[in-house]
Amino acid sequence: MLPFLLLQAAIPAVPTDWSTLAPLPYVTAPQITAPLTRFVADEIAAGRCSPSKPADGHYVIQVDVATLVAADGTIRRTIPRAIDCPTVEQYSAGLVVSFARANLQPRPGAADQWYRTTIVFDWR
């Protein structure tokens with residue numbers, strides 16, 4: 001238990017003002033494809049999320065994710081901003097981890113640092 005507590009203590013706190021975080025330094029910006037968006041659309045259709053229904057039927061769901069990147073470029077933690085849809089929040093955090101794998105700009109000599117990124121799901 002003590003090693004776990006020591007590991008947790010070493011993680012820098014996420015800033016309360018996410019606008020101060022630098023954007024996640026992707027080498028290649030991720031693309032949100034139709035199959036990725038389908039999960040979010042299905043969650044809404046199933047009633048597990050209830051964003052206001054747009055009059056024109058065009059949904060745009062945005063999830064901000066704070067991401068802690070270790071000095072070696074690995075993702076240590078992701079924290080999605082609450083949008084009142086836990087499954088989509090966690091799904092988005094997982095996508096960030098997947099998108100970042102072997103896709104972050106090198107940061108030689110850098111310390112662990114928090115970044116921000118936004119996942120946008122857009123469909124009719």
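The model is predicted.

**Helix α2**

Helix α2 comprises the 12 residues 34-45.

The buried residues of α2 are L36, T37, V40, A41, E43 and I44. Seen down the helix axis, these buried residues fall within an arc of 155°, so they line one face of α2. An α-helix has 3.6 residues a turn, so residues three or four places apart point the same way. The partners against which the buried residues of α2 pack are β2 (59-69), α3 (86-100) and β4 (113-123). On the face turned away from the buried side, α2 carries the exposed residues A34, P35 and A45.

**Aromatic pairs**

A search of the whole structure gives three aromatic pairs. A pair of aromatic rings is described by the distance of the centres and the angle of the planes. For F39 and Y91, the ring centres are 4.3 Å apart and the planes stand at 40°, so this pair is tilted. F39 belongs to helix α2 and Y91 to helix α3, and the pair links distant parts of the chain, 52 residues apart. F39 has a relative accessibility of 29% and therefore counts as partly exposed.

In the pair of Y59 and W123, the ring centres are 5.0 Å apart and the planes are at 10°, so the pair is stacked. Because Y59 lies in strand β2 and W123 in strand β4, this pair ties together parts that are 64 residues apart in sequence. Y59 counts as buried at 13% relative accessibility, and W123 is buried with a relative accessible area of 13%.

F39 and Y91 also belong, together with F121, to one aromatic cluster.

**Salt bridges**

The structure holds five salt bridges. Side chains of opposite charge can pair when their charged atoms come close. Three of the five salt bridges are listed here.

| Salt bridge | N to O distance |
|---|---|
| D42 and R38 | 3.5 Å |
| R48 and E43 | 3.0 Å |
| R81 and D64 | 3.6 Å |

D42 and R38 both lie in helix α2, where they are four residues apart, about one turn of the helix. D42 is partly exposed, with a relative accessible area of 37%, and R38 counts as partly exposed at 46% relative accessibility.

The salt bridge of R48 involves E43, which is one of the buried residues of α2. The relative accessible area of E43 is 6%, which is under the 20% limit for a buried residue.

R81 forms a salt bridge with D64. R81 lies in the loop between β3 (75-80) and α3, and D64 in strand β2, so this pair ties together parts that are 17 residues apart in sequence. R81 is partly exposed, with a relative accessible area of 34%, and D64 counts as partly exposed at 21% relative accessibility.

Methods: Residues numbered from 1 in each chain as written. Predicted model: local features only at pLDDT ≥ 70, side-chain atom pairs only at ≥ 80, totals over all residues. Heavy atoms only, no water. Helix = DSSP H or I, 4+ residues; strand = E, 2+ residues; numbered from the N terminus. Expected span 1.5 Å × (residues − 1). Buried < 20%, exposed > 50% of the residue type's maximum accessible area, 1.4 Å probe, protein only. Arc of directions from axis to C-beta. Contact = heavy atoms within 4.5 Å. Phe/Tyr/Trp six-rings, centres within 6.5 Å; stacked < 30°, edge-to-face > 60°. Salt bridge = Lys/Arg side-chain N within 4 Å of Asp/Glu carboxyl O.
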